[in-house]
Amino acid sequence: MTFHFSPISRAVRTCALLLALLLPAAARADEGMWLPLLLKQLNEADMRQKGLKLTAEDIYSVNRGSLKDAVVQFGGGCTGEIISGEGLLLTNHHCGYSQIQQHSSVENDYLTKGYWAMTRDQELPNPGLTATFIVRMEDVTGAVLQGIPGGIAEAERERTVQQRITQVAQKAVEGTHYKAFVRPMFGGNEYYLFVTEVFEDVRLVGAPPSSIGKFGGDTDNWAWPRHTGDFSMFRIYAGPDNKPAPYSKANKPYQPKHYLPISMAGVQPGDFTLVFGFPGRTTEYLTSWGVDEVYAASDPAKVKVRDAKLRVLDADMKASDKVRIQYAAKYASLANYWKKWIGEMRGLRRLDATARKQQQEQQFRAWVAQGDATRKAAYGQILDQLEQQYRLVRPYVVARDYTTEAALGVELVAYANSLQNLLDLIQNKAPQAELATAVGKARTGTTNFFRNYSAPTDQKVAAALLPLYADGTPAELLPDYVKTLRAKNTSPAAWASFAADLYGRSKLTSEADAQKVLDELLKGNAQPLLADPAYQLASAVVSTYRQKVLPTYTTAQDQITLLQRTYMAGLRQWQPERKFYPDANSTLRVAYGQVAGYQPADGTEYEYYTTLDGIMEKADPTNPEFEVPARLAELYQNKDFGPYAVNGTVPVAFTATNHTTGGNSGSPVINGRGELIGINFDRNWEGTMSDIMYDPDRVRNITLDVHYMLFVVDKFAGAGHLVKEMKLVNMPLNGRANSPLEPNTKKQKVKVKREKAAAL
């Protein structure tokens, strides 16, 4: 981190940013998550101006191999890329974390020690894990919406839309092994078909130890500078015809249509970068009331609950290796968005996002007022109606968040609730065969649940979270059962006593006892479950939620969806010159930008890269988040960097201006020549509000540099056979020498304080 005194005042910069954010012109700077299908008409010229050497056809093509054929949706929520002709897949360590955890035990702790398959036979299968390629995409708006009258009731419209979506998807893959789905864009004003090829034999090849893959832990998460080796490797296997096949030892490594060569030329400020992946969800076109709901209601509630839960888990994980392994993936998932929401609130406050949305809405109202009767009829009341629905739904949003995060954040309560469907079958006198099938699934689920469950830990979680649920949920939306509990338990000690009694009496806190309850349910005897205090609590919570919260919440959200679709159509009419991109919805997108540092605050400037030197500066053997493996320290001490060194060290990470979000984890970061230069793994904390509002000055994606990835695989892990699979390209960009990092002696380097997370 470097510090500078800026000659431009904060007020001047704020003014300039305000003007930029209020301009109704094209998407600002490098904002946008673009559909690959439309790059030719919308983005190619701008991308080439920024440094792209490829064509839109090189990025997305249905006629030949292109970049899209090297990109997969990894599992259900991340991205991965193919980096060899034998199906070798690269993604983030945190994306493969649950698979690494499932293969780990106290005896074989791959989370702590890492894992590397030295032969193909050692590559570990992962049941349920998939890798999904996009074969093609198509605008099917006409087929979905043609002939649907404008004044039709929303429920009827949605039924018609869903019927047509099903027909379009089925027709697209009829007679093939492909799958297909259709997604709405721009709030349902457009619809796009995605044809996919889904591989289900995906095996773990390698992962660094957590001291590399999670270096910096929660302290550095969502922060810059980063020094995390956040990567893991898998391999896709296929049947003898190179098509998807269930796991079999006879399967062969998948032969891709395209895989990414890896550039060794490095990066410099201003270099073109392209992120290709499956961003999860953004809401860039929210109204001011939607932004305020996130900022003032939803995020604060979720942060408060997760803060309490994380404290409990952290203490128990530090006290027990067994609990640490059981809860490693759960903790990481909880902590990730806990910190993201904190940064999001800070960013929205700094941008004064609600006020800026209000300004846009005033301009929209003026445009409507200046229009003809048709425009006024279509959009004259839309904002008032949106405001009304947001005000109506606010308490129900709070109740939803406390129910899902606090009440159902107690694992015992969530597990008890999962058995409700068995009671329904018994009460509805379902055929015995149907009941037996459901109980069989519940048995498997029970075994999986208790594999990573600690009742003593969960009891502490219950004592911490249940009072938050009782106090945070609006009183009129609380179950009477919980109101009674709240009246009796007025102190932390009282809630702890209640939790001890609950867990002491419940038969659902151990696998053996839970399986006995399932035995009785299979016989049609519901009494053991009905009498269980954990089920009684879960039933009270969920039934009240379904009766008092969900109906109003769903109705209001449906209305907001309908109104937002109309508002979105109005925005596009109001700003016909603007290039709109659809909100992220886990479909394949391209984001592009340039390598750049940034100024997180007045007088502070961050460089665009970090190195192995910074890892050693942060090293702290007394802090598990900053432990450095002995082998890594030895390599550093001996300057044994192999061919991966630049200016006497190893580049670790860099920042760029690409617009990313959850789901982009593991996405390839590609240079202007179509070569892999890094793996996207995070955003900076100051930019997490970019899911709602993009700030070109501060939004940065954080990328693991391929030099560090290769160095860890080859020199640290001794898995050079994997590097030999890859195609390493030494071609320097723009005629530069092969030195991505220039020494900077003028700027003072300072050590990042690890206490910053606590202060924040």
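Select I670 first: its bridge partner in β21 is L676. This is a predicted model, where local features need pLDDT of at least 70, side-chain atom pairs count only at pLDDT 80 or more, and totals for chains, interfaces and linings use all residues. Residues are numbered from 1 along each chain as its sequence is written, and side-chain values use heavy atoms, leaving out hydrogens and water.

**Stop 1: β21 and its partners**

Show β20 (residues 668–670) beside β21; three bridges join these antiparallel strands. Strands here are DSSP E runs of at least two residues, helices are H or I runs of at least four, and both are numbered from the N terminus. Two strands pair if DSSP finds at least two bridges between them. Five residues lie between the strands of this hairpin, and G674 takes a positive phi near 85°.

Find R683, opposite N701 in β22. Colour β21 (residues 676–683) by burial: eight of its eight residues are buried, so the strand is largely enclosed by the rest of the structure. Buried means under 20% relative accessible area with a 1.4 Å probe, protein chains only.

**Stop 2: the largest pocket**

Select R281, T282, T283, L286 and D583, which lie nearest the centre of the largest pocket. Its volume is about 1400 Å³. On a 1 Å grid over the protein atoms alone, a pocket is an open set of points with protein on both sides within 12 Å along at least five of seven lines; a cavity is a set where a 1.4 Å probe fits but cannot get out; lining residues have an atom within 4 Å of a point. Volume is the space filled by probe spheres set on the points, which are joined across faces, edges and corners.

The lining of this pocket has 46 residues. α24 gives the most, with eight.

**Stop 3: helix α8**

α8 (154–173) also supplies at least two residues of that lining. Its buried residues include R157, T160 and V161. Among the elements covering the buried residues of α8 are β8, β9 (190–199) and α24. Just after the helix, G175 takes a positive phi of about 80°.

**Stop 4: the second largest cavity**

Finish with K68, D69, F133, I134, V135, E197, Y254 and K257, which line the second largest cavity. About 50 Å³ of space lies inside. β7 (residues 131–139) gives the most to this lining, with three residues.

How values were computed: Buried means under 20% relative accessible area, exposed over 50%, partly exposed in between (1.4 Å probe, protein chains only). Contact means heavy atoms within 4.5 Å.
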